[in-house]
Every structure is written in structure tokens, then in C-alpha cells.
Amino acid sequence: MDIQLKKGLLDLMVLASIKYEDSYGYKIVQDISQILDISESTLYPILKRLEKQKLVNTYNTTYNSRIRKYYQINKNGLEKLKQSIDDFDEINRMYMYIKR
């Protein structure tokens with residue numbers, strides 16, 4: 001798979017994983033790993049990029065005397081996810097035409 005395409009899809013998978021519930025890095029890795037093998041070293045640059053693009057908000061909470069950083073999808077992230085799903089649907093229709 002093209003590396004740029006995979007990079008974009010990973011970004012979308014992270015956004016989708018926090019669409020309904022705020023989450024933290026380790027949990028996001030566990031959730032996505034059910035579909036695709038991903039490591040924390042792959043995830044954290046993605047989270048940083050999404051934060052820089054203003055697609056997610058972050059906040060810290062204390063859990064077992066440790067600070068845990070949570071990621072929350074925001075309005076821009078939801079719009080990006082919706083647009084990407086629409087784009088994927090269009091690509092899928094073209095693929096189905098080619099495949100026939």
C-alpha cells in the first residue's frame with residue numbers, strides 16, 4: 001500500500017477511535033490493534049500531527065498518581081472524518097466500477 005495513503009488512513013483510524021469517547025495513547029493502540037498492527041511509537045507522531053492540525057483537543061488527568069494525556073476529537077476533526085468517509089464512499093464506487 002502507498003505509504004502516504006496508509007499515513008492518511010491511520011490518521012482517520014485514530015480520529016474514528018476517539019469519535020465517541022476521549023481516550024489516551026495506550027488505549028488507542030489497543031483499539032486500533034484489533035484491526036491493524038500499530039505500535040505506540042507509530043501512534044504518538046500521529047496524535048501530535050492531529051493536535052497540530054487542530055483536529056483534536058488534549059487534556060491531562062491523574063490516574064493512579066500518574067498524569068495521563070487524553071485526546072478528544074473536536075468539530076474540525078469530526079468534519080475531517082465525515083469528509084474522508086464521503087471521499088472513501090466515492091472511491092469505493094469507482095473501484096466497484098473498475099472491478100466489474
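A residue is called buried when its relative accessible area is under 20%, exposed when that area is over 50%, and partly exposed in between. The exercises below apply to a predicted model.

**Exercise 1.** Determine which residues of helix α2 are buried, and where they lie as seen down the helix axis.

*Solution.* Step 1: in α2, the buried residues are G25, I28, V29 and I32. Step 2: viewed down the axis of α2, the buried residues fall within an arc of 100°, so they line one face of the helix.

**Exercise 2.** Classify Q30 as buried, partly exposed or exposed.

*Solution.* Step 1: locate Q30, which lies in helix α2, spanning residues 25-33. Step 2: Q30 has a relative accessible area of 37%. Step 3: buried requires under 20% and exposed requires over 50%; therefore Q30, at 37%, is partly exposed.

**Exercise 3.** Identify the residues that touch the most other members of the largest nonpolar core, and the elements that give two or more residues to this core.

*Solution.* Step 1: the core has 18 residues, of which V14, L15, I28, L43 and L50 touch the most other members. Step 2: the elements giving two or more residues are α1 (3-17), α2, α3 (40-52) and β3 (66-73). Step 3: take V14 as an example; leaving aside residues up to four places away in sequence, V14 touches I28, I32, L43, I46, L47 and L50.

**Exercise 4.** Describe how strands β2 and β3 are arranged.

*Solution.* Step 1: strand β2 (residues 56-63) and β3 run antiparallel and are joined by eight bridges. Step 2: Y59 has Y70 in β3 as its bridge partner. Step 3: the two strands form a hairpin with two residues between them, and N64 in the turn has a positive phi of about 50°.

How values were computed. Residues numbered from 1 in each chain as written. Predicted model: local features only at pLDDT ≥ 70, side-chain atom pairs only at ≥ 80, totals over all residues. Heavy atoms only, no water. Helix = DSSP H or I, 4+ residues; strand = E, 2+ residues; numbered from the N terminus. Buried < 20%, exposed > 50% of the residue type's maximum accessible area, 1.4 Å probe, protein only. Arc of directions from axis to C-beta. Core = buried A, V, L, I, M, F, W, Y, C linked by side-chain atoms within 4.5 Å. Contact = heavy atoms within 4.5 Å. Pairing = 2+ DSSP bridges.
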